[in-house]
Amino acid sequence: MRVRGQDEGRRLGPAELGEDLGARATLVQFSSAFCVPCRATRRILGEVAGMVPGVAHVEIDAEARLELVRGLGILRTPTVLVLDADGRVVRRATGQPRKADVIAALGEAV
């Protein structure tokens, strides 16, 4: 899992995500249909969201949302964005994350 810093001031909300934000944080996963690591990432993020109260997991089909993908500069799947309660992007990672890395990234958001 490669982690980069903040996407300067970028915010995402229900209009862009198609779902409500989590009360404390949101894990946004960009996936594609034939992406094998996306399946494992879905499982990991779902488990973390289930463990941490107020955290939501939103999966977005990158192929169906090309305008959003381009606007965020997403180049591969899976890409995971960690949003704080206000929808600000606090972390970005590409590739299949480890559960410990996701939990650590959430620490910055909550």
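Analyst: Let's start with strand pairing. Seven bridges join strand β2 to strand β3 (residues 55-61), and the two run parallel. This is a predicted model.

User: What makes β2 and β3 a pair?

Analyst: A pair needs at least two bridges. β2 and β3 have seven, so they count as paired. One example is Gln29, which stands opposite Glu59 in β3.

User: How is β2 joined to β4?

Analyst: Six bridges link β2 to strand β4 (residues 79-84), and these strands run antiparallel. The cut-off is at least two bridges, so this is a pair as well. Here Val28 has Leu81 of β4 as its bridge partner.

User: What do β2, helix α2 and β3 make?

Analyst: They make a right-handed β-α-β unit, with α2 covering residues 36-51.

User: Why is β2 described as largely enclosed by the rest of the structure?

Analyst: Count its residues. Seven of the seven in β2 (residues 25-31) are buried, so the strand is largely enclosed. In a regular strand, side chains alternate between the two faces of the sheet. In β2, Ala25, Leu27, Gln29 and Ser31 point one way. Thr26, Val28 and Phe30 point the other way, and all of these residues are buried.

User: Why does Thr41 count as buried?

Analyst: Buried means under 20% relative accessible area. Thr41 has 0% relative accessibility, so it counts as buried. This residue is found in helix α2. Beyond residues up to four places away in sequence, Thr41 touches Gln29, Pro78, Val80, Gly95, Gln96 and Pro97.

User: How do you know that the buried residues of helix α4 are on the same side?

Analyst: The buried residues of α4 (residues 99-109) are Val102, Ala105, Leu106 and Ala109. They cover an arc of only 105° around the axis, which puts them on the same side of α4. They pack against β2, α2, β3, β4 and β5 (89-94).

User: Which residues have the most contacts inside the largest nonpolar core?

Analyst: That core has 15 residues, and those with the most contacts inside it are Leu27, Val48, Val55, Val82, Val102 and Leu106. The elements giving two or more residues to this core are β2, α2, β4 and α4. A second, separate core of 14 residues includes Leu17, Val28, Ile74 and Leu83.

User: Why is the link between Glu59 and Arg42 called a salt bridge?

Analyst: Side chains of opposite charge can pair when their charged atoms come close. The cut-off is 4 Å from nitrogen to oxygen. For Glu59 and Arg42 the value is 2.6 Å, so the pair qualifies.

User: What makes Glu108 and Arg91 a salt bridge?

Analyst: Their closest N and O atoms are 3.2 Å apart. That is within 4 Å, so the pair counts. Glu108 lies in helix α4 and Arg91 in strand β5, so parts 17 residues apart in sequence are tied together.

User: How many salt bridges does the structure hold?

Analyst: The structure holds seven. Some form a network that links Arg43, Glu47 and Lys99.

Conventions. Residues numbered from 1 in each chain as written. Predicted model: local features only at pLDDT ≥ 70, side-chain atom pairs only at ≥ 80, totals over all residues. Heavy atoms only, no water. Buried < 20%, exposed > 50% of the residue type's maximum accessible area, 1.4 Å probe, protein only. Helix = DSSP H or I, 4+ residues; strand = E, 2+ residues; numbered from the N terminus. Right-handed = clockwise from strand over helix to strand, strands pointing away. Arc of directions from axis to C-beta. Contact = heavy atoms within 4.5 Å. Core = buried A, V, L, I, M, F, W, Y, C linked by side-chain atoms within 4.5 Å. Salt bridge = Lys/Arg side-chain N within 4 Å of Asp/Glu carboxyl O.
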